[in-house]
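Keep the picture at hand and try each task before you read on.

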Amino acid sequence: MRATSLTVAALAAALVLTACDSGGSGDDTQDSKADAVCVDKLAVEFGPGNAAPAAGDTGNVPVTVTNRGGGDCTLDGLPAFAFEAGGTSTAVAPDQAAAAGKTTLTKGASTSFTLTYVLGEKGGKGLAPQTAKVTLPGAGKAHSFKWSYGVVALKSDGKTPDASVSGFQRAGD
């Protein structure tokens, strides 16, 4: 009988320890807060891009994100991108092939993503952004950049920019 009660006690202790380590406790919240703080401190560089040469052509603008902090920083999800024109913000959808996931940047490491857009006609229907805004997943603030790549064409609905954003890709070695 004594051996059975010791076995039951050992099993109960193992279950308690396993439950504490399952990831459903407050540790995740602390990690999420730490990641949000580090994400707000990442350096973001917009461009230079290869501008679309003529209306209807495609241009690409790379965005590079570098961890200049003291420790690892994890991006969980996809970057958000928006154009601002005349006080109105218009979101750009992720590329259909973009996969959300976790990207961990060690100190000094970089990742990048690309905005691809179709150049619209000057004076024609299109979006004439003054600013491009990048928001990293988990960030509390957006990074704004002057848009210098011309009018962005609209999709057939006449409202949505003909543009997309890729997922994160490793840069460098």
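A salt bridge here is a side-chain nitrogen of Lys or Arg within 4 Å of a carboxyl oxygen of Asp or Glu. Bear in mind that this is a predicted model, where local features need pLDDT of at least 70, side-chain atom pairs count only at pLDDT 80 or more, and totals for chains, interfaces and linings use all residues. Residues are numbered from 1 along each chain as its sequence is written, and side-chain values use heavy atoms, leaving out hydrogens and water.

**Exercise 1.** Find the side chains that meet in a salt bridge, and say where they sit.

Step 1: the structure has 1 salt bridge. Lys-133 and Glu-84 make it, at 3.4 Å from N to O.

Step 2: Lys-133 belongs to strand β8 and Glu-84 to strand β4, 49 residues apart. (Strands are DSSP runs of E, at least two residues; helices are runs of H or I, at least four; both are numbered from the N terminus.)

Step 3: check the cover. Buried means under 20% relative accessible area, exposed over 50%, and partly exposed in between, with a 1.4 Å probe and protein chains only. Lys-133 has 25% and Glu-84 has 23%, so both count as partly exposed.

**Exercise 2.** Work out which strands pair with β4.

Step 1: strands pair if DSSP finds at least two bridges between them. β4 (residues 80–85) runs antiparallel to β8 (residues 131–135), with 5 bridges. Here Glu-84 stands opposite Thr-131.

Step 2: turn to β5 (residues 88–92), which also pairs with β4 in the antiparallel sense, over 5 bridges. Ala-82 faces Ala-91 across this pairing.

Step 3: look at the link. β4 and β5 form a hairpin with 2 residues between them, and Gly-86 in the turn has a positive phi of about 60 degrees.

**Exercise 3.** Trace the aromatic pairs of Phe-46 with Phe-81 and Phe-145.

Step 1: rings of Phe, Tyr and Trp (its six-membered ring) pair if their centres lie within 6.5 Å; planes under 30 degrees apart are stacked, over 60 edge-to-face, and the rest tilted. The whole structure has 9 such pairs.

Step 2: Phe-46 and Phe-81 have centres 6.2 Å apart and planes at 20 degrees, so they are stacked. Phe-46 is in strand β1 (residues 43–46) and Phe-81 in β4.

Step 3: Phe-46 also stacks with Phe-145, at 5.0 Å and 15 degrees. Phe-145 lies in strand β9 (residues 143–146), so this pair ties together parts 99 residues apart in sequence.

Step 4: Phe-46 is buried at 14%, Phe-81 at 3% and Phe-145 at 18%.
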